Amino acid sequence: MQRVYRHALREGRISPDVYRVLSGTVGAQEMHDLLGIPANRLWSAALHQHVMLAGSGAYAMNRLVKQEFGMAKADRQRISERLAPMALSAYRSQDGIEQPVRAFGNGGTITDRVWKQPWALTQGGEPSEVLDDVLDRALAGEAGAVAELTVLGGTAAILDGYITRDRGSKEGTTRDSRTAPFRATPVNLLEVLSKTAGGLRMLHSIARAHVSADPAILAKQFHTQDREVEGTHVRDGDPMLDMAREQVVIDYEWDLVYAADPARALATIAKNSGESPNLEAEDVRQRRILSSSIASACGAARTLARMRQSRGPEVFGHGDTVDDLRAQLRQVEEILLRFGPSQASFLFHEDEVKGE
C-alpha cells in the first residue's frame, strides 16, 4: 500500500501533506497542523479510508490497487484486506490488534454510503466537538456526515471489540463476550446502524468513548425502531434504559447487534432457545454472578466442613487444591478491598463455620 500511495502522489491524486500522514512520518499533532483534522489517531485511520474510498478519487485508487497487486477486480473485500494494516497502523502497538485487523479486512467500514460516494473529514481541534458536529449533521440527513460517522464510529467499534469477525455460532448462544444473537459481517452491521438515528447515535457514542481520556465516558445504547417495549412507546434514537431506568451501556458485541435489529435478534433468540434476553445493566449482572458464586462457595465449604467430622480432612481434596482455592479467595478479597467502595468492610467470621 505504501507503493500505491507513492503512485497516487506522483499522479497528483493526493497532496504531499496527505502523503506524509499516510506514510506514517508525522504524529497526531503535526497531522492536525497539516490537515486541520483532530490530533487523534482515530482520524489517522479515517484519513486512509477517505483517500481510498471517498468520491471519484476512489476509482483512481482502485485502479492503482489492482495494478500494484495484480488484481483483475478490486471489490470491497479485497480493498478492505489491503487497507486494514495501513488504516490501523497507528494502533499497531495495541494489545490484540490482530483481531481488529481481521475484522477490518472483512469489509471494514465500506458501506454503500462510504464506497465511492462524496464525503469529507470535518476539521477541528477537539475530537469530541467534531464528533458532536458530525452527529448533528448526520441526524439532519446529510449523506456525507453519515458516511463520515460510519467511518469514525465503525473504526472505533472495530478497535474496541464491539464489531468483530471472530464470532462463534449464533445457535443457542447467550449474551456474552464475542457472541451475538445473529451473524452479521462488520460492513453489513454498519450498513444497518447507519440507516437509523439510534444507530448513528451509538456510533457517535462509541467514537466519543474511544477518543476520550475519561474512563467514565462509556458507549451507550439507543433504540433503533419506533416500537413498544414493555408497554412503553419508544422512538428511533431514544436512549435504551434498563430496569433501573439508567441508560444501558454497550458492553459486548451482542448489545450492538441486538440494538441494530431488535426484531431479528428476538426472532433468532426465540427460535434458538425460546427466551428473551434480560435487559439488566452489565454491572448488575456481574454483581449477581459474584454474589451467587460466593454464596455457593460458602455453602459448599460448610457442607464439606460437616462431612469432615465423619470422613476426615480428605473431603476437601489434596492440600495443593485447597491452597489454590484459598489463593483465589484471597484474590477476590483483594479486588473487593482495592476497587470496591472505600467504606466497605469485608470480614470473615470463623465462628459461623464452627456453628454449623
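This report looks at one helix, one threonine and the aromatic rings of a predicted model.

**Helix H11**

Helix H11 runs over residues 197-211. How far apart should its ends be? At 1.5 Å a residue, its 15 residues should span 21 Å.

H11 is mostly covered, with 12 of its 15 residues buried. Among them are Gly198, Gly199, Leu200 and Met202. His204 and His210 are buried too, and Val211 is another buried residue of H11.

| Helix covering buried residues of H11 | Residues |
|---|---|
| H4 | 41-53 |
| H8 | 127-139 |
| H9 | 143-159 |
| H10 | 186-193 |
| H12 | 253-260 |

**Thr268**

Thr268 is found in helix H13, which covers residues 262-272. Is Thr268 buried or exposed? Its relative accessible area is 14%. Buried means under 20%, so Thr268 is buried.

The side chain of Thr268 has a polar atom 2.8 Å from the backbone oxygen of Arg264. Thr268 also has contacts beyond its neighbours within four places in sequence: Pro181 and Phe182.

**Rings**

How many aromatic pairs does the structure hold? The number is zero. A ring does meet a charge, though: the charged end of Arg82 sits over the ring of Phe69. The distance from that charged end to the ring centre is 4.7 Å.

Technical notes:
Residues are numbered from 1 along each chain as its sequence is written. This is a predicted model: local features need pLDDT of at least 70, side-chain atom pairs count only at pLDDT 80 or more; totals for chains, interfaces and linings use all residues. Side-chain values use heavy atoms; hydrogens and water are left out. Helices (H or I, at least four residues) and strands (E, at least two) are DSSP runs, numbered from the N terminus. The expected span of a helix is 1.5 Å times one less than its number of residues. Buried means under 20% relative accessible area, exposed over 50%, partly exposed in between (1.4 Å probe, protein chains only). Contact means heavy atoms within 4.5 Å. A polar contact is a pair of N or O atoms within 3.5 Å; within protein, one must be able to donate a hydrogen and the other to accept it, and residues adjacent in sequence count only if both atoms are side-chain atoms. Rings of Phe, Tyr and Trp (its six-membered ring) pair if their centres lie within 6.5 Å; planes under 30 degrees apart count as stacked, over 60 as edge-to-face and the rest as tilted. A charge sits over a ring if NZ of Lys or CZ of Arg is within 6 Å of the ring centre and within 35 degrees of the ring normal.
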